[in-house]
Amino acid sequence: FAIAAVAIPAFAFPVGAQSVVKHANATPGLILQSVTVKPGATTLYLSGQLAAPIDPAKKVPAAQLTIADFGDTKTQTVSVLGKIKAILAERGYAMSDVIKLTVFVAGDPKLGGKMDFAGMNEGFKQFFGTAENPGTVARSTIQVAALAGPAFLVEIEATAAK
């Protein structure tokens, strides 16, 4: 019984205790100001994820795929966040458990090499601030010169905690 008495306090949390506290910006917006992850929370870190081809049945070598095969920035953002949602579910997490995203956006040749920040936000809004997931996350968005392949416009790293 001595072992049980020692182990119980490590797992006993007060009813209603929050392991993760999301702090909104003073001016409401798409993203949070910050997040506090308290002791006792379990954290999951996802590697950067890239979009899947729009038509996965298309029989073209990966090196020959173009931006058109993956879609514009909005389409790629939706693809990547869908992939993140699936990975989270495999690990017992939901999109509402995401606390931080780091979004890398390559310049779109159709926009003169500038990132499509509005398109990325449109894709983001399909997963955050919705009826299914009314919350949002802390987020950084960075324009990069290029990603792992010339057809990719978006890569997203995610951190979840609960």
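**Close-up views of a predicted model**

**Figure 1. Overview of the protein chain.** From the N terminus on, the elements of the protein chain follow the order α-β-β-β-α-α-β-α-β-β. The model shown here and in the other views is predicted. Its secondary structure comes to four helices and six strands. The protein chain has 162 residues, and 37% of them count as buried. Among the contacts in the protein chain with a separation of 6 or more, 73% are between residues 24 or more positions apart.

**Figure 2. The open sheet of four strands.** The strands of this sheet stand in the order E3-E6-E4-E5, and their pairing is mixed. E3 and E5 are at the edges with a single partner strand each, so one side of each has no neighbour in the sheet. On average, neighbouring strands of this sheet are turned by 10° against each other, with direction ignored. Strands of a sheet pair through backbone hydrogen bonds, and the pairing may be parallel or antiparallel. For E3 and E6 the sense is antiparallel, and the pair is joined over six bridges.

Figure 3. Two packed helices are described by the angle between their axes and the distance between the axes. The axes of H3 and H4 come within 7 Å and cross at roughly 35°. This crossing of H3 and H4 is right-handed. Which residues meet where H3 and H4 are in contact? From H3 they are Thr73, Lys74, Thr77, Val78 and Leu81, and from H4 they are Gly119, Met120, Glu122, Gly123 and Phe124. H4 also lies across E4 and E5, and runs at about 145° to E5.

**Figure 4. The largest nonpolar core.** This core has 33 residues, and those touching the most other members are Leu81, Ile84, Leu88, Met95, Leu101, Phe128 and Ile156. Two or more residues each are given by strand E3 (43-50), helix H3 (73-90), strand E4 (98-106), helix H4 (117-124) and strand E6 (154-161). E4 supplies the largest share, six residues.

Figure 5. Threonine 136 is found in the loop between H4 and strand E5 (138-144). Is threonine 136 buried or exposed? Its relative accessibility is 14%, and buried means under 20%, so threonine 136 counts as buried. Not counting residues up to four places away in sequence, threonine 136 touches Lys22, Leu30, Ile31, Leu32, Val98, Phe124 and Phe128. For leucine 30, the backbone oxygen lies 2.4 Å from a polar atom of the threonine 136 side chain.

**Figure 6. Glutamine 18 in a loop.** Glutamine 18 has its place between helix H1 (2-11) and strand E1 (20-23), in the loop that lies there. Glutamine 18 is exposed, because its relative accessible area is 52% and exposed means over 50%. How many residues apart along the chain are glutamine 18 and threonine 36? They are 18 residues apart, and 9.8 Å separates their C-alpha atoms.

Definitions and conventions. Residues are numbered from 1 along each chain as its sequence is written. This is a predicted model: local features need pLDDT of at least 70, side-chain atom pairs count only at pLDDT 80 or more; totals for chains, interfaces and linings use all residues. Side-chain values use heavy atoms; hydrogens and water are left out. A nonpolar core is a set of buried Ala, Val, Leu, Ile, Met, Phe, Trp, Tyr and Cys residues joined through side-chain atoms within 4.5 Å. Buried means under 20% relative accessible area, exposed over 50%, partly exposed in between (1.4 Å probe, protein chains only). A polar contact is a pair of N or O atoms within 3.5 Å; within protein, one must be able to donate a hydrogen and the other to accept it, and residues adjacent in sequence count only if both atoms are side-chain atoms. Contact means heavy atoms within 4.5 Å. Two strands pair if DSSP finds at least two bridges between them. Axes are lines fitted to C-alpha atoms, for helices over the stretch in contact, and angles run from 0 to 180 degrees between N-to-C directions. A crossing is left-handed if the near helix is turned anticlockwise from the far one by less than a right angle, and right-handed if clockwise.
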